[in-house]
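Hi there,

Here is the structure I promised to pass on. Have a look at it first, and my notes follow below.

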Amino acid sequence: MRNRLQRLLGSFVVLVLLSACSTDTERCDDVNQSRIHQYLSMSYSGKEDRTTASATLRFGDSSGTTLEMVGGCSITNDQITLTTGFLSGFLGTYYDGSKSGLVASQSFTFTDMNGVAYTNAGTITSTAFSSPPTTLSRASLPAIAFADALTTGETMSVNLLNPTQDGATDETDKFVSFSTSTVGGTTVALSAQSLANMANGAKKMYLERTKTSTPTNVTQVGGTLVQKYATPHIDVTLAD
């Protein structure tokens, strides 16, 4: 349960805080079926070698009340079994599940109380370091090269963290992230200024490729589909 909440917090809390999403919940069959928003996410962690699928259905728009799939409503994933969760004060009602290994191709199907089905498929695009450095020198920071150029809607992040950290934190002395969304891009530039609060020494580094798009099959209020791939962590040394 603890790991499950940690995965969801990593995927959704930033979205909740930035968009002031409602964390209230109500029954799907109590709302206008043409105004149900779908937030669908599929992500792979190379560190854990595990794929997670998650979905949140909301009434009205992306910040509306979360919906419980009852009264004929349902949300499924064709590769990963989704179970119901509720986290008061953060996420409201959500659905998620995970499976060992990379499950690249998946599809979600949301069925409303009238039996109308909305199926949306996605594919997690993998990535890798093209030539990973072993040392990052503040005096001459290299651009980090990655495999496969970015396409429309994609962002590549290079994440640098202290080995004692399990994941992202907003404390800049423990975690720093650099990113690019340039279509066709194959490198991410690093900034010495952004590393000013991070001490020299052994670090972990990984890439995270994220694609955000609008699903094809949605109601009149739309939806969001997120596909994410994070590489295994590699060892690097930060030096002057």
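**What turned up**

Let me start at a turn: in the hairpin of β2 and β3, where four residues lie between the strands, Asp 49 adopts a positive phi near 50 degrees. Please keep in mind throughout that this is a predicted model.

If you want a pair to click on, Tyr 44 has Thr 51 in β3 as its bridge partner. β2 also pairs with β16, this time in the parallel sense, over eight bridges. There, Met 42 has Gln 227 in β16 as its bridge partner. Is β2 enclosed or open to the outside? Nine of its ten residues are buried, so β2 is largely enclosed by the rest of the structure.

To step back for the overall picture, the chain has 240 residues, and 45% of them count as buried. Its secondary structure comes to one helix and 17 strands. Taking contacts between residues at least 6 apart in sequence, 70% join residues at least 24 apart.

In soluble globular proteins, nonpolar side chains tend to be buried together. The largest nonpolar core here has 22 residues, and those touching the most other members are Leu 57, Met 69, Ile 75, Phe 108 and Phe 110. At least two residues of this core come from each of β2, β3 (50–59), β8 (105–111) and β16 (223–230). β2 gives the most, with four residues. There is also a second, separate core of 18 residues, and Phe 129, Leu 160, Val 188 and Leu 195 are among them.

Three strands make up an open sheet in the order β5-β8-β9, with antiparallel pairing. β5 and β9 (117–123) are the edge strands, each pairing on one side only. On average, and ignoring direction, neighbouring strands of this sheet are turned by 15 degrees against each other. Between β5 and β8, the antiparallel pairing extends over four bridges, and Ser 74 stands opposite Thr 111 in β8.

The structure holds two aromatic pairs. In one of them, the rings of Phe 110 and Tyr 118 have centres 5.8 Å apart and planes at 15 degrees; planes under 30 degrees apart count as stacked, so this pair is stacked. Phe 110 and Tyr 118 are both buried. Phe 110 is also one of the residues that touch the most other members of the largest nonpolar core.

Finally, the cysteines. The structure holds one disulfide, formed by Cys 28 and Cys 73 with their sulfur atoms 2.2 Å apart. Which parts of the chain does the pair link? Cys 28 sits in the loop between β1 (25–27) and β2 (36–45), and Cys 73 in the loop between β4 (66–68) and β5 (74–77), so the link spans distant parts of the chain, 45 residues apart. The torsion about the S-S bond is about -70 degrees, so the disulfide is left-handed. Are the two cysteines buried or exposed? Cys 28 counts as buried because its relative accessibility is 0%, and Cys 73 counts as buried at 6%.

Key
Residues are numbered from 1 along each chain as its sequence is written. This is a predicted model: local features need pLDDT of at least 70, side-chain atom pairs count only at pLDDT 80 or more; totals for chains, interfaces and linings use all residues. Side-chain values use heavy atoms; hydrogens and water are left out. A disulfide is a pair of cysteine sulfur atoms within 2.5 Å. Buried means under 20% relative accessible area, exposed over 50%, partly exposed in between (1.4 Å probe, protein chains only). A nonpolar core is a set of buried Ala, Val, Leu, Ile, Met, Phe, Trp, Tyr and Cys residues joined through side-chain atoms within 4.5 Å. Two strands pair if DSSP finds at least two bridges between them. Axes are lines fitted to C-alpha atoms, for helices over the stretch in contact, and angles run from 0 to 180 degrees between N-to-C directions. Rings of Phe, Tyr and Trp (its six-membered ring) pair if their centres lie within 6.5 Å; planes under 30 degrees apart count as stacked, over 60 as edge-to-face and the rest as tilted. Contact means heavy atoms within 4.5 Å.
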